[in-house]
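Hi everyone, thanks for making time this morning.

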Amino acid sequence: PLHSHNSLPSISQTTKIYIQHTMTTNSTILVTGGSGLVGQAIKAYTDEHPLPNETWVFLSSKDGDLRVRQDTDKIFDKFQPTHVIHLAAKVGGLFANMSQKVEFYRENTLINDNIMENCRIHNVTKLVSMLSTCIFPDKTKYPIDETMLHDGPPHPSNEGYAYAKRLIDTMNRAYAEEYGCNFTSIIPTNIYGPHDNFSIQNGHVIPGLIHKCYIAKKEGTPFTIWGSGTPLRQFIYSLDLAELTVWVMREYHSPDPITLSVNEDAEVPIKDVALAVAKAMKFEGEVVFDTTKADGQFKKTACNKKLRSYRPDYKFHTMEEGIQKAVDWFVANYETARK
């Protein structure tokens, strides 16, 4: 199988060097996709919990086009990063993924190759790349865990994106085996929080509901949720994900991916999410579930046992706490928020 691997002696070597490195020298951490939901959460977290020897650089598209090798080379030459957290990707909703499989495959593959090769050439101490649960096999048993990534084809609707992302995992192991690189990946579940894309058409569940509820409250109309509200999802507040991502960069040294998710029993029906949004928005009107709209997959439960083996006591924000913070941010930043 694609995901079997031998123990990698080079990694323990790399880890020793890494531990010496972080304790004795200054680190420059480059975050690609630094202006997005997760990038901004990492910025907020590291601003609040700075380490004296760490300098953080948050890239946005105006720093260069990561699809272009020369642009990427220039960024690495300019900042000379010791660590990279790679969040940048071409992403889109269902329709975009279905209609542009070539672009989703090619652009993500180019970005990932440019980043990985530059990390190798510049002897970057650690690279952490972000995968997603939607790249897992379409037909699978639940809960899904890190070992199942290559067990079957992804859903046909996003196979261009999914295969490009899966290759990050393949190449993390290849770079470790061949070059002793300390590259790994993280797999978050559904992320939400400040700086999200709150588009009702193209956004994800929570930001879309927040924007919808805002409009319903302003216009005195019912708050209408598409579907029955019964499907289950695990949601992670962006600042929790940020904290765990920084922990992975500093402490988790294996090429094998690690799922960053709330516990399985924290999976919630969309209905509860919608009601939590209404409550956080102080929406007093009618809440309607439009059952003529499709529900999508009933559940996508992810297993976080690996994370818990390292961080048994980590406390996640409750959904209510996280949604309140996301709602407050959206209301305060309505004019400038992506929507």
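I'll begin with the sheet, then turn to the helices beside it, and finish with some helix pairs.

A word on the model itself: it is predicted, local features need pLDDT of at least 70, side-chain atom pairs count only at pLDDT 80 or more, and totals for chains, interfaces and linings use all residues. Residues are numbered from 1 along each chain as its sequence is written, and side-chain values use heavy atoms, with hydrogens and water left out.

Helices (H or I, at least four residues) and strands (E, at least two) are DSSP runs, numbered from the N terminus. Two strands pair if DSSP finds at least two bridges between them.

So, the sheet. In what order do the 6 strands come? The order is β2-β1-β3-β4-β5-β10, in an open sheet with parallel pairing. At the edges sit β2 (54–58) and β10 (258–260), each pairing on one side only. From one strand to the next, the twist averages 20°. As background, strands of a sheet pair through backbone hydrogen bonds, either parallel or antiparallel. Take β1 (residues 27–32) and β3 (residues 83–86): they run parallel and are joined by 4 bridges. One to find on screen is Thr 32, whose bridge partner in β3 is His 86.

Angles here run from 0 to 180 degrees between N-to-C directions, and axes are lines fitted to C-alpha atoms, for helices over the stretch in contact. Contact means heavy atoms within 4.5 Å. Helix α8 (residues 238–251) lies across β1, β2, β3, β4, β5 and β10, and runs at about 155° to β10. Is α8 mostly covered or mostly open? It is mostly covered, with 10 of its 14 residues buried, where buried means under 20% relative accessible area, exposed over 50%, and partly exposed in between (1.4 Å probe, protein chains only). Among those buried residues are Leu 241, Leu 244, Trp 247 and Met 249.

Next is helix α5, residues 101–121. The expected span of a helix is 1.5 Å times one less than its number of residues. For the 21 residues of α5 that gives 30 Å, and its end C-alpha atoms are 30 Å apart, which agrees. Its buried residues include Phe 104, Ile 111, Asn 114 and Cys 119. Let's stop at Asn 114, which has a relative accessible area of 4%. Which residues does Asn 114 contact, leaving aside its neighbours within four places in sequence? They are Leu 66, Arg 67, Val 68, Arg 69 and Thr 72. Just after α5, Asn 123 takes a positive phi of about 50°.

Last, the helix pairs. The axes of α9 (residues 270–280) and α11 (residues 319–332) come within 9 Å and cross at roughly 50°. That makes α9 oblique to α11; angles under 35 degrees count as roughly parallel, over 145 as roughly antiparallel, 65 to 115 as roughly perpendicular and the rest as oblique. Here Asp 272, Val 273, Ala 276, Val 277 and Ala 280 in α9 meet Met 319, Ile 323, Gln 324 and Val 327 in α11.

Helix α7 (residues 205–219) also packs with α9, at about 40° and with the axes 10 Å apart. On the α7 side, the contact includes Ile 206, Leu 209 and Cys 213; on the α9 side, it includes Ile 270, Val 273 and Val 277.
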